[in-house]
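Let's take a quick tour of a protein structure, one topic at a time. Have the 3D view open and follow along.

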2 protein chains.
Amino acid sequence: MTQNTKYTAEHSEITRNPFPASKKIYIAGDIHPNIRVPMREIELTNGQTLTVYDTSGPYTDPNADIDLTQGLTPIRQVWIAARGDVEEYEGRQTLAVDNGYKRETDVPGALLKAEQGLKRTPLRAKTGKNVSQMHYARQGIITPEMEFIAIRENQRRQEVIDAEREARLKGESFGANLPELITPEFVRAEVAAGRAVIPCNINHPESEPMIIGRNFLVKINANIGNSAITSSIAEEVEKMVWSTRWGGDTVMDLSTGKNIHATRDWIIRNSPVPIGTVPLYQALEKVNGIAEDLTWEVYRDTLIEQAEQGVDYFTIHAGVLLRYVPMTAKRVTGIVSRGGSIMAKWCLAHHKENFLYTHFEEICEIMKAYDVSFSLGDGLRPGSIADANDEAQLSELQTLGELTQIAWKHDVQTIIEGPGHVPMHKIKENMDLQLKLCHEAPFYTLGPLTTDIAPGYDHITSAIGAAMIGWYGTAMLCYVTPKEHLGLPNREDVKEGLMAYKIAAHAADVAKGHPGARYRDDAMSKARFEFRWMDQFNIGLDPERAMAYHDETLPRDSAKVAHFCSMCGPKFCSMKISQEVRDYADQMGVDEKAALAAGMAEQAKAFKELGSEISVPVDKIQKLA
Amino acid sequence: MTQNTKYTAEHSEITRNPFPASKKIYIAGDIHPNIRVPMREIELTNGQTLTVYDTSGPYTDPNADIDLTQGLTPIRQVWIAARGDVEEYEGRQTLAVDNGYKRETDVPGALLKAEQGLKRTPLRAKTGKNVSQMHYARQGIITPEMEFIAIRENQRRQEVIDAEREARLKGESFGANLPELITPEFVRAEVAAGRAVIPCNINHPESEPMIIGRNFLVKINANIGNSAITSSIAEEVEKMVWSTRWGGDTVMDLSTGKNIHATRDWIIRNSPVPIGTVPLYQALEKVNGIAEDLTWEVYRDTLIEQAEQGVDYFTIHAGVLLRYVPMTAKRVTGIVSRGGSIMAKWCLAHHKENFLYTHFEEICEIMKAYDVSFSLGDGLRPGSIADANDEAQLSELQTLGELTQIAWKHDVQTIIEGPGHVPMHKIKENMDLQLKLCHEAPFYTLGPLTTDIAPGYDHITSAIGAAMIGWYGTAMLCYVTPKEHLGLPNREDVKEGLMAYKIAAHAADVAKGHPGARYRDDAMSKARFEFRWMDQFNIGLDPERAMAYHDETLPRDSAKVAHFCSMCGPKFCSMKISQEVRDYADQMGVDEKAALAAGMAEQAKAFKELGSEISVPVDKIQKLA
């Protein structure tokens, strides 16, 4: 790849090595034979394989040829074109202010040059057309995106339907509908009902379709973004790649300050996952950071700008109503959402209703022309557990539910953002209210943090809440890094946040009884029991760390085939003894076991020694066992 | 301190610096004026102070003179002596085999020398006496230990009873009884009922009394231990100090191999927290690691040995019954408890019932002569989520409940150990069964881990389960480090595990509505809202990390008084805008607020501009607000 500008200089550091013992596989569709659904296949040392969900895109495929200056292969381009409802058009002219400069002459030449290979002619819906996946779904159309998702969600789980299947399926789903296998028709029906969302702007054809809904695997989002204070464009692109490597299902670009338009082009053109933004941040930049100076016109122009670039979902704080603002005055931490506080300030300064609310139907018109999904922002979310589930938060939630119905009237896909900071005993209430007030539109929460006392560890305080709310029905969890409340996350912080959230999402899937979840846990446990050390590392979420931690204590290769580990050493190994118990039990006769179960040790001994047969009443065995 | 042997060489590295902006304070008793209850007082920049629970003992008191070769001041010695029911006696002779050597001549001279200052003449109950706290409690006696605990649990919380008190008390306690203030009598009654335990061997007078019960603050335990493969005695002592620094309420010494008797002396003599052990590990060492060779006599001798040293609670796997062993044969991961597998092997090899079960009343006699508490081991706990809440686990739990009643007959304090690996949807069932089957004896769980797929991150997979089971009623949480399943934890791993578990325990306290929990969260949130950066760091669980993370992005001192942070920069700061909203609301008239709440923006504007007064129907405001 070229390294001809300061913006590309660091791109050679993009992480591309595949996971150990893993290869990328692609599954073709039935309805749409031309789709290729990526998965990661892990090769185990016992000859078996394990297929896992893979968000990392072509970056972990050694056969993929990637040139960051030109962007990824637009895999959805032909699907979009084949529907015949879009048109190319000249699009909006990029302005100096889009990148935070006053005049065209202020824009660095290097920035413009670096953008060259990534500029695209935008698409939009033809006049009178609606290109949202919800619209197609409601027409009864199964799009390639939908079939792609059905295959992707299943992860070849039909191959692991086995004797332990029933045990795995026993969960508590709190009303979620988790079919044993996902069909393309199921995906369509869920999207049509608004219970699931496929974020896929027609101007982001590079993305691999994924779905957000409580009847599917719980997803996670990673926030990245430059800042007025630190970071560079190159760092941000690698953060996106790095985020998807560790399981980020979507990425939000929360950049502010200089070069944000260009940053967004770089990220979207190179992203295999949907990208979300908060357009208000850029709109505010365009009015020099003065909330009162925001106008519908500036905001609308920003929506168009970002829709043309390919942003897949917009956080829009349309529920921060004027009458809710005074409700926050008595809070311990007031308004903590950036978007929420900006709109609150605007409302108070003008004594007018939030313009995002009053122009909501016009926003819907834009959303459906590009298939941008709403992520209705929770501008009044609590910023401390003291403020959780209060009047301000719940009033806004009710308004978001009303807006959802307006969006659905336009066949615009919609998810609802949620908190934040919520103590454990208030999480279920929050989830239940969201399902009720927002008509089962997918919930997308930040954490929630379950205590406020651990800055530096908020990936953990919030993973607890995230796992619980995911179990209760949240469809996507926005990660929190260890730097939350303190500073900007670096590469390691991003990974720590993602790992905590992959754990939370998976724990939620398991607890729901999702048919495509627990087989991975069971594969790990079997590898543990059989001392297949390399498999234990490779089945896990972070093979490198697992092996490194193991090697800190027992570095030699021989330890990786040893039938013991460093915790107990060879003499004490419980797994080893347990295997002996199993072997012993295998040798026991049926009646010997029965006698043991009935508490008759002497008889059992007799069976063993004599091989004799007597009968023990079955009811007595069951009662005692 | 002396550094005259290889066992002391590293002791100069014992961590003793106090926490920033913190000082150790001591509160005297009313009933027992000579007790001095330690707490940590954090000085805030706004002139207020915050008192927090402090497990770190004299190590964080700069005025404390500590000589590790002589042990800590035996603060409980006079209380114990004053009861007049104990006697000194010669005690058991320390044998070479206690330290893992074959002959006396094999024991290194340096080891013996290092032990000199730490040898004590043991105490035991006089003939016919019972020195357990449960026994005193049932006689109606409020011991100094009980008053100490009442003061300690309260943490001067009467000083933070304020306007927000009621909001903080609204939790879901699932039947736990959480009085607003803990009285010495409440402590006594809980211990008498068996719902709480005070682990305090009369031979460990150095320990600061603490309590384990679901009507008190949730506690955490850290496991430390040497190993046949790595580590030294010096490392283990510092691990204990390090563990208590970061909040470990008790420490379990799980050492095996060489020098374990000496290691235990060093740890106990220098430990301000109760020490637990699994005597079976040492007993097995004494029979060269061959489970079949274990005898009641060897085991009994080990109990006496450790009781004389001052171990405060013993994990005893008396519930692994012969008839339960075959129930584990079909499990995914068999028996994963070391103690459980050792006893299972012994039972099968001899075709006899577990000798810990058959000799249980004899064990009770030993326990009450020293006030060692039972921690009834869950030898059949699940080692994977696939095996959670199965027949083997629940059968053993029922037996532990029966043994609890036998222990209580002897006035012996008892807690019950629990799993392990449990998916979220099975945690509540496990807790409820424990309360029922074990008659509300305190539950002490390891995690549980809520998924098996994240080796390297099991402090997080398990903190999720720990927080939940703590909320539901577990009294103490045994920590899990990131090295779980992989290797031996180092210093940083121990800290990571403790932080995850302090978070879990505190999140549980908050969710229960514990009156002594949420004031710390609220103090943090207020510091956040008021941009008191130093207070945010210092109120948190790990001030050093919080400040270091903050400084990575904004290192200058000026940033610590800035009214913005690195996440948003000065222009976007939501907290700053929020403060403006609050100031604005403060300036509003009552009727202006009412009109806003009623959705009448124009009227509100009119109020502001004209200062006029009209009345809005109260019911309409309430309905809309």
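Let's start with one residue: His410(A) sits in the loop between helix H14 (391-409) and strand E13 (414-418) of chain A. Keep in mind that this is a predicted model. From there we'll move on to rings, charges and sheets.

**Around His410(A)**

- His410(A) has a relative accessibility of 8%, so it counts as buried, the cut-off being under 20%.
- Its side chain makes a polar contact with the side chain of Lys368(A), at 2.9 Å.
- Leaving out residues up to four places away in sequence, His410(A) touches Asn130(A), Glu361(A), Cys364(A), Glu365(A) and Lys368(A).

**Aromatic rings**

- Over all chains, the structure holds 26 aromatic pairs.
- Take Phe186(B) and Phe216(B): the ring centres are 5.6 Å apart and the planes meet at 55 degrees, so this pair is tilted.
- Phe186(B) belongs to helix H6 (residues 184-193) of chain B, while Phe216(B) is in the loop between strand E7 (212-213) and strand E8 (219-224) of chain B, so the pair ties together parts that are 30 residues apart in sequence.
- Phe186(B) and Phe216(B) are both buried.
- Now look at Tyr313(B) and Tyr444(B), with ring centres 6.1 Å apart and planes at 85 degrees, so this pair is edge-to-face.
- That pair links distant parts of the chain, 131 residues apart: Tyr313(B) is in strand E11 (residues 313-316) of chain B and Tyr444(B) in strand E14 (residues 443-446) of chain B.
- Tyr313(B) is buried at 0% relative accessibility, and Tyr444(B) is buried too, with a relative accessible area of 3%.
- Over in chain A, ring pairs join Trp296(A), Tyr299(A), Trp346(A) and Phe355(A) into a cluster.

**Charges over rings**

- Arg40(A) lies over the face of Phe19(A), 4.2 Å from the ring centre.
- The charged end of Lys258(A) sits over the ring of Tyr101(A), at 5.1 Å from its centre.

**A stop at Leu435(A)**

- You'll find Leu435(A) in helix H15 (residues 427-437) of chain A.
- Leu435(A) has a relative accessibility of 15%, so it counts as buried.
- Setting aside neighbours within four places in sequence, Leu435(A) is in contact with Arg214(A) and Glu440(A).
- Leu435(A) and Thr474(A) are 39 residues apart in sequence, and their C-alpha atoms are 9.2 Å apart in space.

**The barrel in chain B**

- Here 8 strands close into a barrel, in the order E8-E9-E10-E11-E12-E13-E14-E15 (chain B), with parallel pairing.
- From one strand to the next, the twist averages 25 degrees.
- Strand E12 (residues 373-376) and strand E13 (residues 414-418) of chain B run parallel and are joined by 3 bridges.
- Leu376(B) stands opposite Ile416(B) in E13(B).

**The open sheet in chain B**

- An open sheet of 3 strands has antiparallel pairing and the order E1-E2-E3 (chain B).
- Strand E1 (22-28) and strand E3 (49-52) of chain B are at the edges with a single partner strand each, so one side of each has no neighbour in the sheet.
- The twist in this sheet averages 40 degrees from one strand to the next.
- Strand E2 (residues 36-43) of chain B pairs with E3(B) over 4 bridges, in the antiparallel sense.
- Arg40(B) has Val52(B) in E3(B) as its bridge partner.
- Helix H4 (residues 144-154) of chain B lies across E1 and E2 of chain B, at about 10 degrees to E2(B).
- Helix H18 (residues 518-529) of chain B also packs on the sheet, touching E2 and E3 of chain B, and its direction makes about 145 degrees with that of E3(B).

Terms used: Residues are numbered from 1 along each chain as its sequence is written. Chains are lettered from A and ligands numbered from 1 in the order in which they are written. This is a predicted model: local features need pLDDT of at least 70, side-chain atom pairs count only at pLDDT 80 or more; totals for chains, interfaces and linings use all residues. Side-chain values use heavy atoms; hydrogens and water are left out. Helices (H or I, at least four residues) and strands (E, at least two) are DSSP runs, numbered from the N terminus. Buried means under 20% relative accessible area, exposed over 50%, partly exposed in between (1.4 Å probe, protein chains only). A polar contact is a pair of N or O atoms within 3.5 Å; within protein, one must be able to donate a hydrogen and the other to accept it, and residues adjacent in sequence count only if both atoms are side-chain atoms. Contact means heavy atoms within 4.5 Å. Rings of Phe, Tyr and Trp (its six-membered ring) pair if their centres lie within 6.5 Å; planes under 30 degrees apart count as stacked, over 60 as edge-to-face and the rest as tilted. A charge sits over a ring if NZ of Lys or CZ of Arg is within 6 Å of the ring centre and within 35 degrees of the ring normal. Two strands pair if DSSP finds at least two bridges between them. Axes are lines fitted to C-alpha atoms, for helices over the stretch in contact, and angles run from 0 to 180 degrees between N-to-C directions.
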